[in-house]
Amino acid sequence: MIVHVALPIPVTKAFSYFAPDEWGPCIRKYSRVAVPFHNKTLTGFVAGFEEGTGPGLKEIIEVLDPFPLLTAPLEDLVEWASRYYVAPPGVVLKCALPLTLHIERYLCVRANARSLGSLDSMPLRKALKAAGKIALLHHLREGSATLFDTLTGADFLPADTIGGDGAGGEKTLYAGEISGRLERYLQLIAAHLEKGNNVMMLLPDYFSAGAYFYRALSAAFRDRVFWYGSSIPLKKRMEAYFRARQDHGCLILGNKSAVFLPVNRLSCIVVERDEEDEYRNEEGFRFNPPAVAIQRAGIERTGLFIGSASPSIESYHRAREKGFIFIDSKWPVDRHFDEHIHEVIAKSYGALLEELVATANKALERGESVAVFTPRKDYGSFIQCAECKKPFLCPRCEGALNYQKETGRLTCNNCAGDFTFKEQCSYCGGNIIRFGQIGAEYIEEHLKGALPQYPVVRFSGDAGKKRAKPPLPSGKQPYVLIGTQPLSKLYDVHVHTLVLFGWEDMRRMAGYRSDEKMFHVLINLLDALTPREVFFFMDSRKKVDPSSLFDMEAFYRDELNKRKTADFPPFTRAFLVEVVKKTKEAGLPVVKKIKDALAQQGLFDHITGPLVQRKKAYRWKMILKGNDEILYQTLLEIYDMPGVRIEVDPPNI
DNA sequence: AGCACGCCGACT
DNA sequence: GTCGGCGTGCTC
């Protein structure tokens with residue numbers, strides 16, 4: 001027989017192989033198979049099969065999963081995701097059926113017929129050899145033998161026998177503060193677990209918000225909470241896998257690939273902070289787990305509960321359009337933040353820093369702690385010689401450089417270049433260096449110098465991913481905490497005064513979503529740190545009125561109106577097409593090919609982005625907008641062109 | 001994605 | 001005269 005195999009490589013077509021006819025019963029849709037490719041072995045997924053022999057086809061080496069691993073609704077979900085995210089099925093399946101999961105290693109045979117007594121409790125691998133693959137499979141199908149896993153001891157159910165009751169469920173969007181969210185999650189999850197159902201919950205990260213929720217949920221549902229994710233050891237992950245698949249009354253937590261887990265008796269999916277960019281899967285298959293979860297809840301007809309202090313525009317829009325129960329706790333209004341907003345406007349960083357010291361000092365003297373948010377984590381960028389005014393540019397690509405004082409490195413945003421910083425201008429030799437943009441490191445240094453009697457702590461999540469908490473002083477001693485966006489996840493940290501420094505710069509950092517991002521950052525900082533007073537420190541030339549962000553209802557309404565008028569998501573889909581080539585000559589034909597392919601479909605007008613040129617690696621960015629039905633075939637064609645990357649729903653354009 | 005093949009610069 | 005850079009193309 002001929003088997004079509006979807007391989008986990010960025011090529012849209014499937015590859016065909018030959019398999020002996022007697023393997024027929026083992027070959028199921030999306031079974032993992034080992035196949036020769038180039039001169040090595042690759043694991044792919046069965047996409048289809050047919051009778052016959054093809055000339056020159058190589059032979060499949062082995063069928064790794066003789067039983068289906070995906071439930072029918074999950075197959076639909078994978079196919080939806082493959083199309084929606086313009087990714088080959090093999091690439092999606094690699095994420096849904098990780099090759100590191102050696103399920104068979106944890107499976108043993110349970111003999112239900114006396115004649116098979118010799119196989120009882122035998123590891124699956126051994127039993128396959130002892131009884132023969134085809135014979136054992138026959139027993140498994142007849143029920144004279146079953147499988148169980150050694151981690152939970154429960155029966156290993158074939159994927160096509162597991163699933164929810166499809167009873168449907170409420171879809172809820174809850175906009176509320178952390179304590180309200182946690183309370184609702186606890187109630188909701190308890191109700192589902194009591195019925196013997198399983199609940200899946202997505203969290204935006206593992207170490208920060210994830211750890212906070214894991215603690216709270218584990219305390220409430222002892223021994224019933226399991227993490228599934230790449231951050232935990234394989235054996236624990238496997239246990240979560242088997243619990244999800246065959247146990248009941250379990251809460252399965254995860255943040256990315258967990259959305260594709262087969263879950264028996266799944267009755268509700270919970271998504272915390274759906275708007276977080278951290279949900280974006282970076283490696284290989286780029287997808288947004290909350291979006292997939294929403295689709296899954298629809299396909300499997302489970303309940304869906306999205307909770308956030310500031311839901312994404314997409315969720316808000318969807319909730320309104322698709323008849324979600326929408327609960328707005330109106331918490332920013334209840335807390336009367338608008339009575340405690342202070343604007344501090346100045347023409348230079350020097351003046352703002354002086355004001356910052358005074359503001360912090362006032363709070364500290366009263367015994368109150370201060371948090372300073374800034375959008376940049378480094379020491380500074382837009383580096384310039386004070387004498388000759390020449391900027392420090394990346395020697396490789398002439399892009400703008402960022403200076404990290406801690407490591408003494410200059411890094412380039414464009415080409416990811418990394419250089420040693422010298423406090424000397426390469427043109428005139430001057431050694432007075434200015435920074436056009438300052439970040440958390442700079443502010444930390446300045447405050448440490450100006451407020452030596454108080455602890456000043458800097459926290460930017462990526463400094464050490466495993467460190468979920470900043471090293472704050474214990475006891476009642478007031479402190480200053482400086483950081484970037486990870487500050488908004490410190491649900492255990494509370495300050496009296498929140499200062500947003502250089503906050504208005506976020507407006508230029510995220511394209512059409514910049515206002516939304518500012519909104520999310522502000523709202524989540526208020527939610528986590530519960531400040532009593534909020535200061536907006538802004539450059540007088542770039543000041544942004546923050547008051548509109550406190551009226552959430554008005555914010556969503558206005559933002560959606562703007563998006564509708566400008567024809568942006570969620571009203572139109574957006575695709576970012578990037579062409580990266582070493583030389584300009586190599587890139588231009590590809591760009592032309594893309595333009596031609598679009599023009600043929602009458603889609604030329606969808607190119608809205610300018611062509612951006614870089615020195616070392618040449619890079620072209622095109623933003624395509626439109627209905628994916630019209631674009632899809634063209635996008636597939638573009639996908640297979642060398643040096644092209646497509647990103648669906650790009651968050652930063 | 002990998003990996004092989006192929007064409008231009010600094011070396012014993 | 002070769003070694004090795006990466007740029008291009010192919011993989012059932």
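## DNA contacts and a pocket

A base oxygen of DNA strand C sits 2.7 Å from a backbone N or O atom of S16. Please keep in mind that this is a predicted model.

| Residue | Protein atom | Atom of DNA strand C | Distance |
|---|---|---|---|
| S16 | backbone N or O | base oxygen | 2.7 Å |
| H38 | side-chain N or O | base oxygen | 3.0 Å |
| K58 | side-chain N or O | phosphate oxygen | 2.7 Å |

S16 and K58 are also among the residues that come nearest to DNA strand C, together with K13, F37 and K582, out of 13 around it. Strand 2 (15–18) and strand 3 (32–37) each supply at least two residues of this surface, and strand 2 gives the largest share, three residues. By class, the surface has seven nonpolar, two polar and four charged residues. Sugar or phosphate makes up 55% of the atoms of DNA strand C within 4 Å of the protein, and bases make up the rest.

What surrounds DNA strand B? The residues are I9, P10, V11, H38 and K40. For DNA strand B, sugar and phosphate account for 43% of the atoms within 4 Å of the protein.

Now to the second largest pocket, which holds about 1000 Å³ of space. Of its 37 lining residues, Y84, A291, E314, R318 and D649 are the closest to its centre. Domain 1 (2–96) and domain 3 (171–329) both contribute to the lining, so the pocket lies between them. The lining comprises 15 nonpolar, seven polar and 15 charged residues.

Definitions and conventions: Residues numbered from 1 in each chain as written. Chains lettered and ligands numbered in written order. Predicted model: local features only at pLDDT ≥ 70, side-chain atom pairs only at ≥ 80, totals over all residues. Heavy atoms only, no water. Near = heavy atom within 4 Å. 1 Å grid on protein atoms, 1.4 Å probe; cavity = no way out; pocket = protein on both sides within 12 Å on 5 of 7 lines; lining within 4 Å. Points joined across faces, edges and corners; volume = space filled by probe spheres on them. Nonpolar A, V, L, I, M, F, W, Y, C, P; charged D, E, K, R; others polar. Domains from an automatic or database assignment. Polar contact = N/O pair within 3.5 Å; in protein donor to acceptor, adjacent residues only side chain to side chain. Helix = DSSP H or I, 4+ residues; strand = E, 2+ residues; numbered from the N terminus.
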